[in-house]
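Hi everyone, thanks for making time this morning. I'd like to walk you through one structure, so let me put it on the screen.

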Amino acid sequence: MVNAKHLFRNILRTHRRLPQEMRFVGDQYVRAEFRSHRAVTDKRFLEPFFTQWTSYLDLLKEQTRDLSSERMEGSSTGIGKHLDADLIERLDDDKAEQLLELHQASVTSEEEAAKNSGGAKQGGANVSSNASAPPKRA
């Protein structure tokens, strides 16, 4: 079984390579997910949880490995992966709501970053087409 604390810390360390607004949203999401699974002991839920978070960590490490801090400042970072439309259609209401909340948080963070940088960035992230989509809750 995966060491939860080790996985959690590695994800947060890897988030340091992300632009500030992406890191903020990602860190909050990771903390909430791991906190909500802290008391879970059923391996039927924990195994897919850790598998998905390990997969997320591997993808994030690969995508951030060669990125310089200058390139990461732009809104088009090359971070994330496309969400399959079929996957989105199969989401239950709770998961769809969670995805919408994540999308709204990313848009808000990007708009705030645009205001702080003098309006250089516009628009928001499209979670359904280019998201660094952390795994769903068990």
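Let's begin in helix α2, where aspartate 27 and arginine 23 both sit, four residues apart, about one turn of the helix. Helices here are DSSP runs (H or I, at least four residues; strands are E, at least two), numbered from the N terminus. The two side chains meet in a salt bridge at 3.4 Å, N to O; the rule asks for a side-chain nitrogen of Lys or Arg within 4 Å of a carboxyl oxygen of Asp or Glu. Aspartate 27 counts as buried at 9% relative accessibility, while arginine 23 is partly exposed at 32%. Buried means under 20% relative accessible area, exposed over 50%, and partly exposed in between, with a 1.4 Å probe and protein chains only.

Before I go on, a word on the source: this is a predicted model, where local features need pLDDT of at least 70, side-chain atom pairs count only at pLDDT 80 or more, and totals for chains, interfaces and linings use all residues. Residues are numbered from 1 along each chain as its sequence is written, and side-chain values use heavy atoms, with hydrogens and water left out.

How many salt bridges are there by this rule? The count comes to three. Another joins arginine 90 and aspartate 86 at 2.7 Å, N to O, and these two are four residues apart in helix α5 (residues 85-90), so about one helical turn separates them. Arginine 44 also bridges to aspartate 42, with the closest N and O atoms 2.6 Å apart. Here arginine 44 is exposed at 65%, and aspartate 42 is partly exposed at 26%.

Now, the overall picture. The protein chain has six helices and zero strands, and 35% of its 138 residues count as buried.

On to the aromatics. The whole structure holds seven aromatic pairs, meaning rings of Phe, Tyr and Trp (its six-membered ring) with centres within 6.5 Å; planes under 30 degrees apart count as stacked, over 60 as edge-to-face and the rest as tilted. Phenylalanine 34 and phenylalanine 49 make an edge-to-face pair, 5.2 Å centre to centre with 65° between the planes. That pair links distant parts of the chain, helix α2 (residues 20-36) and helix α3 (residues 43-64), with the partners 15 residues apart. Both phenylalanine 34 and phenylalanine 49 are buried. They belong to one aromatic cluster, whose members include Phe8, Tyr29 and Trp53.

That's my tour, and I'm happy to take questions!
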